[in-house]
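Colleague: I would like to learn how to read helix packing in a model. Please take me through it.

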Amino acid sequence: MVWVWTFSTWLSGSMMFSYWLGLLARRNLKAVGDGNPGGVNLLKAAGLRWGVAGIALDFMKGYLPLLLLVNNGAVQGYGLVPVAAAPVLGHAFSPFLKFKGGKAIAVTVGVWSALTGFEVSLVYALLLALLLAIARLMQHGKPSTPEADGFQVVLGMMLVFIYLYVRKFPEVMLWCWLVIFMILAYTHRREVSAFIGRKVKNL
């Protein structure tokens, strides 16, 4: 049954709600900004209402399936790893966009919210806020770049591991973190590479 649930959560994650809402708003997110078909790009392209709706739906497609499965005891032990990672993978490689999906931030937050009762997702949000504040301070208040934002997303998730370890979460949660982290690192690989490359050049 684990693979049935994995397919189900993958299918849920692959639903590109923000992209489809963008089309309803007559905005092709693939042609906006960095081309990311996610909620943040929808916010930039179509405004607050569309953007909030897209982010909420992207969050819920990771949150609701996991919440139902975990609360019902349908998935236990290490079977949780593929089931938890599948929504993130589905969003990053959606068949509805020829397997070229989004960066999977909102769906990742949704998954961790379901797995830990919002605890880890709140910690992640606080870490991202802290990293953004530090970046603004170092840049003397200048707006951050997409490369810096991408680097902060990945670095923040790296720091989440420390929290999981210190709080002595079960080992299965560490495996969930590892797989999801690898997906996020891949979806943000260009931003991270560009950010590190620029910092190296400035040394």
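**Reading the helices**

Modeller: In helix α3 (residues 39-46), the buried residues are Gly39, Asn41, Leu42 and Ala45. Buried means under 20% relative accessible area, with a 1.4 Å probe and protein chains only. Helices are DSSP runs of H or I, at least four residues, numbered from the N terminus. This is a predicted model, where local features need pLDDT of at least 70 and side-chain atom pairs count only at pLDDT 80 or more, while totals for chains, interfaces and linings use all residues. Residues are numbered from 1 along each chain, and side-chain values use heavy atoms, without hydrogens and water.

Colleague: Where on α3 do its buried residues fall?

Modeller: Down the axis they fall within an arc of 155°, so they line one face of α3. The arc is taken over directions from the helix axis to the C-beta atoms. Their cover includes α2 (17-24) and α4 (48-71).

Colleague: How do the axes of α7 and α8 cross?

Modeller: Two packed helices are described by the angle and the distance between their axes. The axes of α7 (residues 119-138) and α8 (residues 146-166) come within 9 Å and cross at roughly 130°. Axes are lines fitted to C-alpha atoms over the stretch in contact, with angles from 0 to 180 degrees between N-to-C directions.

Colleague: Is serine 113 buried or exposed?

Modeller: Serine 113, in helix α6 (residues 105-116), counts as buried because its relative accessibility is 2%.

Terms used:
Buried < 20%, exposed > 50% of the residue type's maximum accessible area, 1.4 Å probe, protein only. Helix = DSSP H or I, 4+ residues; strand = E, 2+ residues; numbered from the N terminus. Contact = heavy atoms within 4.5 Å.
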